[in-house]
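Here's a quick tour for anyone meeting this structure for the first time. Have a look at the model, then read on.

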Amino acid sequence: MDRIAILEGMRAKTPDDPMVHFMLGNEYFKAGRYADAIAALTAYLARQEDEGSAYRLLAQAHERLGDREAARAAYRQGIAQATKFHHASMVEEFTASLNDL
């Protein structure tokens, strides 16, 4: 059984577990399933305050689908969260990515 199938099974059993949604979003992203990645990451962010890394994946998934405005919004949210948690290098990375859009 592949990772996505395992994680989908875990999500079915524990739909409120934020980490399952995050891991599934990551696996969907790696598989090129960007719309699914966006859905899973959005579900994760609805359940868990993130320090920034989920916003990177979310922005990149939107970029891959050609939705630059949604990617910008995700980077802006990521900058806010990274700032809140004092992740200066992440703020710099997201700001550069935002400026490149």
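## Inside helix H3

In helix H3, a run of residues 34-47, the buried residues are Ala-37, Ile-38, Ala-40, Leu-41, Ala-43, Tyr-44 and Leu-45. "Buried" here means under 20% relative accessible area, with exposed over 50% and partly exposed in between (1.4 Å probe, protein chains only). Helices H2 and H4 are among what covers those H3 residues. Helices (H or I, at least four residues) are DSSP runs, numbered from the N terminus.

How does the length of H3 work out? Its 14 residues should span 20 Å at 1.5 Å a residue, and its end C-alpha atoms are 20 Å apart, so the two agree. The expected span is 1.5 Å times one less than the number of residues.

## What you're looking at

This is a predicted model, where local features need pLDDT of at least 70 and side-chain atom pairs count only at pLDDT 80 or more, while totals for chains, interfaces and linings use all residues. Residues are numbered from 1 along each chain as its sequence is written, and side-chain values use heavy atoms, leaving out hydrogens and water.

## H1 against H2

The axes of H1 (residues 3-13) and H2 (residues 18-30) come within 10 Å and cross at roughly 155°. That makes H1 roughly antiparallel to H2, a label for angles over 145 degrees. Axes are lines fitted to C-alpha atoms, for helices over the stretch in contact, and angles run from 0 to 180 degrees between N-to-C directions.

On the H1 side, the residues that meet H2 include Ile-4, Leu-7 and Met-10. By class, this contact has seven nonpolar, one polar and five charged residues. Ala, Val, Leu, Ile, Met, Phe, Trp, Tyr, Cys and Pro count as nonpolar, Asp, Glu, Lys and Arg as charged, and the others, Gly among them, as polar.

## His-21, a buried spot in H2

His-21 sits in H2 and is buried, with a relative accessible area of 6%. Setting aside residues up to four places away in sequence, His-21 touches Arg-11, Pro-15, Ala-40, Ala-43, Tyr-44 and Arg-47. Contact means heavy atoms within 4.5 Å.

## H4 and Glu-63

H2 also packs with H4 (residues 53-64), at an angle of about 35° and with axes 11 Å apart. Glu-63 belongs to H4 and counts as partly exposed, at 33% relative accessibility. Beyond its neighbours within four places in sequence, Glu-63 is in contact with Ala-71, Tyr-75 and Leu-101.

How values were computed
Helices (H or I, at least four residues) and strands (E, at least two) are DSSP runs, numbered from the N terminus. Angles under 35 degrees count as roughly parallel, over 145 as roughly antiparallel, 65 to 115 as roughly perpendicular and the rest as oblique.
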